[in-house]
Amino acid sequence: MKFLTRAGPLWLWALTLAAFAVQTDDYIVIGVLPAVSNTVQLSETATGQLVTVYSLTYALAAPLWALLPLQIPRRRALCGALTVFGAANFAVLLVDTYAPLMALRVLAALAAALVLPTALAAAGAEAPPQRQGRYLATVMTGLTGAVLLGVPAGTWIGAFLGWRATFIFGGLLGIGALLLLLRTLPRAEAHAVSERKSLPDMVRSLLNGAVTVILVVTILTVAGNLAFQTYIAPFLSGVSGVSPAVLALLLVCSGIGGLLGTQAAGRLIDRYTPGRVFVLVSTVFCAAMLAFAGLWLIRPVPVALTAVLLVVWSGAAWAVPPSIQSLMLARAGTEAAAQAMAVQSSAVYVGAALGGAVGGGFLAAGQGLIPAAAAGLAFLGLMIMLPAIRSHAVHPRSRIPAMANPSRPSDGRRP
């Protein structure tokens, strides 16, 4: 039985909810950090390591999960991981000390490291060939929405109901995604069998020059984005002299730009090629960063101008991931889709760490240098990617033949 809406099949939105849940859970501690710190009787610095450990565990576990030669279909893997994810969040009700809480964060991250790459791989594999970009972009809106809605909602819930309620909120999101996936996600046993490969076969699928280039570019583009995003508050305060209230409004504008950019990227990928879209959005990203660097020289500038440029930057930044993911799926192929998405997810965390370090270094040298550094990292990624794009240029209607499943019926709608 197929479950369709005008915006796509319900299983696609279930995957998006799963992405929303695990991304919200990654940063949800930030909003209730003082309350958690008071309960476990440790400094906020020590308690903040709950976020660090979650991210580090995810980065290390994602490729390890993917390379395990387990004969588990995607649907079963997703549902099992979401069950563990929900249980790890609900179990917070039973703890009031640091060590058990840290153990539950590690357990939730281990589950999340399986959920997100598998959700992206499922979206790419189940999508009709002419809609793959939009399907990947839809799942990516779960990540953007987590920053825009999930974390603020978790903070609000924690303020009124206590910090443990924030984790219950994360667990409920995961269980909601689980129930929807159980009802709607195709079993896809046919192509699940084809993915049952030995470890050497899976690794061999990822050991090619094109995949390596994409991973390097992923690290550089994420680093460029995070170099700016991590220190966006002090930069915006410096360039436009904004108050905390106006800063919050600007961040909302940034989130809206990210949502629009993600969706636009999906449609562009389906119409053209992911390589062309990557070049376009990376160029826009670099231009926006250089514009911010220029505005710093003539500060203070009107808040309205800063808001417009912020929306452009965020739209371009969030349009990059779907294009890179489509390129990765095209190069790695269907049989290595889950492995490719997992390794690329790990590369994202490496890029985030690099971007934070680079941004911090330039912050010490001068806030106005941060957007220039971000543009430099993104431009380097663009220059590395260009030769690979040119050597694998294909027509958009036939660019990912391996992702198509001839035995799977279409969703019944025109592209």
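## The second largest cavity

The largest share of the lining of the second largest cavity, 3 residues, comes from helix α17, where helices (H or I, at least four residues) and strands (E, at least two) are DSSP runs numbered from the N terminus. This is a predicted model, in which local features need pLDDT of at least 70 and side-chain atom pairs count only at pLDDT 80 or more, while totals for chains, interfaces and linings use all residues. Residues are numbered from 1 along each chain as its sequence is written, and side-chain values use heavy atoms, with hydrogens and water left out.

A cavity is a set of points, on a 1 Å grid over the protein atoms alone, where a 1.4 Å probe fits but cannot get out, and its lining residues have an atom within 4 Å of a point. Grid points are joined across faces, edges and corners, and a volume is the space filled by probe spheres set on the points. The protein has 2 cavities of 30 Å³ or more, and the second largest cavity holds about 30 Å³ of space. Its lining is formed by Ala210, Ile214, Leu327, Arg331, Met385, Ala388 and Ile389, with at least two residues supplied by each of α11 (209–229), α15 (303–332) and α17 (370–391). By residue type, the lining of the second largest cavity has 6 nonpolar residues, no polar ones and 1 charged; here Ala, Val, Leu, Ile, Met, Phe, Trp, Tyr, Cys and Pro count as nonpolar, Asp, Glu, Lys and Arg as charged, and the others, Gly among them, as polar.

## Overall make-up and cores

The protein contains 17 helices and 2 strands, and 55% of its 415 residues count as buried, a term that means under 20% relative accessible area, with exposed meaning over 50% and partly exposed in between (1.4 Å probe, protein chains only). Among contacts (heavy atoms within 4.5 Å) with a separation of 6 or more, 85% are between residues 24 or more positions apart.

A nonpolar core is a set of buried Ala, Val, Leu, Ile, Met, Phe, Trp, Tyr and Cys residues joined through side-chain atoms within 4.5 Å. The largest such core has 88 residues, and those with the most contacts inside it are Leu15, Leu101, Leu181 and Phe278; helix α6 (residues 98–126) gives the largest share of this core, 15 residues. A second, separate core of 27 residues includes Phe228, Val239, Leu250 and Ala316.

## Two helices

The expected span of a helix is 1.5 Å times one less than its number of residues. For helix α1 (residues 10–27), with 18 residues, this gives 26 Å, which agrees with the 26 Å between its end C-alpha atoms, and 14 of the 18 residues of α1 are buried. Helix α5 (residues 74–90) has 17 residues and reaches 24 Å from first C-alpha to last, close to the expected 24 Å; its buried residues include Arg74, Leu78, Phe85 and Asn89.

## Individual residues

Val252 lies in helix α13 (residues 244–271) and counts as partly exposed because its relative accessibility is 39%. Val252 and Val311 are 59 residues apart in sequence, and their C-alpha atoms are 9.5 Å apart in space.

Most residues other than glycine have a negative phi, and most peptide bonds are trans. Gln41, in the loop between α2 (33–40) and α3 (44–47), is not a glycine and yet has a positive phi of about 60 degrees, and at 70% relative accessibility Gln41 counts as exposed. The peptide bond from Arg299 to Pro300 is cis, with omega near 0 degrees, and Pro300 sits in the loop between α14 (274–297) and α15.

Terms used:
On a 1 Å grid over the protein atoms alone, a cavity is a set of points where a 1.4 Å probe fits but cannot get out, and a pocket is an open set with protein on both sides within 12 Å along at least five of seven lines; lining residues have an atom within 4 Å of a point.
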